[in-house]
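Try each task before you read its solution.

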Amino acid sequence: RARTYSVTIRTSEHFLAGTDSAVFLQILGEELATPWMLVHEPGRDNFVQGGTDTFRLTAEDVGPVVGVGLRHDNGGIAPGWHVDTVEIDAVHMPFRRWLAIDEADGRLDAVFRRRPWLVPTRPLQIALATTRDLRDLACASLLDDIEAANQVFGRTGIQIVRAPPADDVILDMEWTDFVRDHCLAGVVRSDLRDGLADVICSQLPRRKRGLIRCFYAGPIGDVGDLRGLSHGRCGLVLRATDHPPVAMAYELGSYFGLPHSWATTAVDTDGLALRCLANASDVIEGDPRNVMSRPERPLTEVAFTDGQIRAMVVPMLREVG
């Protein structure tokens, strides 16, 4: 079934933001997408600096509009284009990025995808669990870790907060005693982790809906950074010290069933800088030009793809209602 779309594209006020290139647009629906369509108004200078262009395009009905793709052919003089916003049938989508080979990430195409499924009704609460001697250190770490996790998930609509202290669980023992009693020497690392997880599960009370406990551990030698312990049985597991700032974000992914990697990318750029080059919603699964979506290249600490964010956030939304 065909449908006519009202499309408005605004070019930003940046110096040399306009373009004479041929511009193509693709409309994304909840299940379908239109073919790429040339957008041009004959007899008019389209896409000038600070200008607004309106088009009526007829294409397949894709249902509710959730996103749009833009690209150009890099033709003409000074072809780089800085797109401000796109609006399709009153659905407003901010781009605010360059499509240019000599600006930002050097890409000539970009996609903005809205997330209509992100409608949290209350924050996700993280409660503290640790041993008696680590309490003060863990309290400080918890606040720092929540702040870093909110930087990762904030754009999704999820808010993470510290649960009331009444929900904390402080085990009445020293960490060294805990290790001595429950972590046997000479066992392989995986068995040791599983055993520690079992102990944590047995010590913590049943969790409340919308509340996840984060167990802060001290050093236990060969067990290392405790990756892989976080899951629905025992909550999140982190060291009380010496972990990356976004560790909680990754452990939330592990908690909700998402495999993760702590390795670095195969390019000489840190993940945060690479992730911020493009529009925040512009990581396209399977895009061969986007290093952060290549499965053979492990992700850095902050470089979640949109698919991973969705895989984490949807269960998080079910958790908070």
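**Exercise 1. The whole chain**

Work out what share of the residues count as buried, and how the accessible surface is made up.

*Solution.* Start with burial: in this predicted model, 50% of the 321 residues count as buried. Next, take the surface, which comes to about 15200 Å². Carbon and sulfur atoms hold 52% of that area.

**Exercise 2. Elements and contacts**

Count the helices and strands, then find how much of the contact set joins residues 24 or more positions apart.

*Solution.* First, the count gives six helices and 13 strands. Then look at contacts with a separation of 6 or more: residues 24 or more positions apart account for 69% of them.

**Exercise 3. Thr 85**

Decide whether Thr 85 is buried or exposed, and list its contacts beyond four places in sequence.

*Solution.* Begin by locating Thr 85, which lies in strand E6, residues 81–88. Its relative accessible area is 12%. The cut-off for buried is under 20%, so Thr 85 is buried. Now set aside neighbours within four places in sequence: Thr 85 touches Thr 8, Ile 9 and Arg 10, and also His 92, Met 93, Pro 94, Phe 95 and Arg 96.

**Exercise 4. Helix H4**

Find how many residues of H4 are buried, and check the phi angle of Gly 257.

*Solution.* Helix H4 spans residues 247–255, and nine of its nine residues are buried. Among them are Met 248, Glu 251 and Tyr 255.

Technical notes
Residues are numbered from 1 along each chain as its sequence is written. This is a predicted model: local features need pLDDT of at least 70, side-chain atom pairs count only at pLDDT 80 or more; totals for chains, interfaces and linings use all residues. Side-chain values use heavy atoms; hydrogens and water are left out. Buried means under 20% relative accessible area, exposed over 50%, partly exposed in between (1.4 Å probe, protein chains only). Helices (H or I, at least four residues) and strands (E, at least two) are DSSP runs, numbered from the N terminus. Contact means heavy atoms within 4.5 Å. Accessible areas come from the Shrake-Rupley method with a 1.4 Å probe; for residues, only the protein chains shown count as cover.
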